[in-house]
Amino acid sequence: MCIKPSSQPTDVASLRHLFSRLGFEKFASDALSHFQKQPACIPLLIALIHEDLAAAAPGSPLPSSLLLASQMLHKALRRSPLADCDGVEAQLVPALRAVAARVWSPALTALALSVAVLLIRGAPWPGVLAHLDGDGDAADREVVLSILTVVAEEVTSPSSRISAAPASVSGLKQAMRADGGALLRRVHAWCIGETAERRRVAAGLACCRAWCAAEMILEGEAPLDEALLLVELGARTLG
């Protein structure tokens, strides 16, 4: 199907209009698929996400447009030219914090996937993780756990194809293994004690499982014992 340039979103308002036609017109789905391959896609999706966050009242449900934009973003980043990905990580930090604070878990996972894709494609490790205060801020902690979980899953078994050089992937794995022990110690510290929330323990357990399954924790290291303690804690708390 030939998609006319005039039908492509050129601003957030036209992108919202196209979103509103999904499910009613096949053309809208075709146009969005084409839009994901265009240079304007990434900045427009990010702009819509920030616009929705700015307009959301406290306690409001997750806007469907924000979730759709978040899901489209990580898909677009998987194959976009690397030049189009420059600076995206920094733009995502406020959105990640905001959706975590509102407990909009599906959007948090989708945005964390965008960060994971950028890391796999060559963004320096640990990237935005170095700028998040997981030890002192609850929302940052949720963001860190989500990113750590999905990057371990995607670097070993991506949910869909990522255009990444083999050297970028192997370099990320090496960096993750080098930091695995220290990261797992942090996760373990966040998930013990009477103040640990049930949701946080579940997120910590998922993170631990993902890193162990991805073989990012070297055998014989002390953190393996902490991983087992975390699994035991999770089973006791969530079982």
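Colleague: Is Cys207 buried or exposed?
Modeller: Cys207 is buried, its relative accessible area being 2%. Buried stands for under 20% relative accessible area, exposed for over 50%, and partly exposed for what lies in between, with a 1.4 Å probe and protein chains only. Bear in mind that this is a predicted model, where local features need pLDDT of at least 70 and side-chain atom pairs count only at pLDDT 80 or more, while totals for chains, interfaces and linings use all residues. Residues are numbered from 1 along each chain as its sequence is written, and side-chain values use heavy atoms, leaving out hydrogens and water.

Colleague: Which cysteine sulfur is closest to the sulfur of Cys207?
Modeller: The one in Cys208, at 7.3 Å, which is too far for a bond.

Colleague: And what about the sulfur of Cys212?
Modeller: Its closest cysteine sulfur is also in Cys208, 4.2 Å away, and that is too far for a bond. Cys212 is partly exposed, at 32% relative accessible area.

Colleague: Change of topic. How many salt bridges does the structure hold?
Modeller: Six. Side chains of opposite charge can pair when their charged atoms come close. To count, a side-chain nitrogen of Lys or Arg must be within 4 Å of a carboxyl oxygen of Asp or Glu.

Colleague: What does Arg78 pair with in a salt bridge?
Modeller: Glu154, with 3.1 Å from N to O. Arg78 is in the loop between helix 4 (64-77) and helix 5 (88-101), and Glu154 is in helix 7 (residues 138-156), so distant parts of the chain, 76 residues apart, are linked. Helices here are DSSP runs of H or I with at least four residues, numbered from the N terminus.

Colleague: Are Arg78 and Glu154 buried or exposed?
Modeller: Both Arg78 and Glu154 are buried.

Colleague: Which side chain meets Asp140 in a salt bridge?
Modeller: That of Arg97, at 2.8 Å from N to O. Asp140 lies in helix 7 and Arg97 in helix 5, so the pair ties together parts 43 residues apart in sequence. Asp140 is buried, with a relative accessible area of 3%, whereas Arg97 counts as partly exposed at 32% relative accessibility.

Colleague: And Arg186, what does it form a salt bridge with?
Modeller: With Asp135, the closest N and O atoms being 3.6 Å apart. Arg186 lies in helix 8 (residues 166-190) and Asp135 in the loop between helix 6 (105-120) and helix 7, so this pair ties together parts 51 residues apart in sequence. Arg186 is partly exposed at 27% relative accessibility, and Asp135 is exposed at 52%.

Colleague: Which residues are linked in a network of salt bridges?
Modeller: Arg16, Glu51 and Asp52.

Colleague: Now the rings. How many aromatic pairs does the count come to?
Modeller: One. Trp125 and Trp211 form that pair, 6.3 Å centre to centre with 45° between the planes, which makes it tilted. Trp125 lies in the loop between helix 6 and helix 7 and Trp211 in helix 9 (residues 198-213), so the pair ties together parts 86 residues apart in sequence. For the cut-offs: ring centres of Phe, Tyr and Trp (its six-membered ring) must lie within 6.5 Å, and planes under 30 degrees apart are stacked, over 60 edge-to-face and the rest tilted.

Colleague: What else does Trp211 touch?
Modeller: Besides Trp125, the list includes Leu148, Met176 and Ile217, not counting residues up to four places away in sequence. Contact means heavy atoms within 4.5 Å. Trp125 and Trp211 are both buried.

Colleague: Which residues in the largest nonpolar core touch the most other members?
Modeller: Of its 76 residues, they are Leu45, Leu73, Trp125, Ile147, Leu148, Met176 and Trp211. Helix 6 gives the most to this core, with 11 residues. A nonpolar core is a set of buried Ala, Val, Leu, Ile, Met, Phe, Trp, Tyr and Cys residues joined through side-chain atoms within 4.5 Å.

Colleague: Last one. Where does Val128 lie?
Modeller: In the loop between helix 6 and helix 7. Val128 is buried, at 4% relative accessible area. Leaving aside neighbours within four places in sequence, Val128 is in contact with Glu89, Val93, Val115 and Ile147.

Note on methods: Helices (H or I, at least four residues) and strands (E, at least two) are DSSP runs, numbered from the N terminus. A disulfide is a pair of cysteine sulfur atoms within 2.5 Å.
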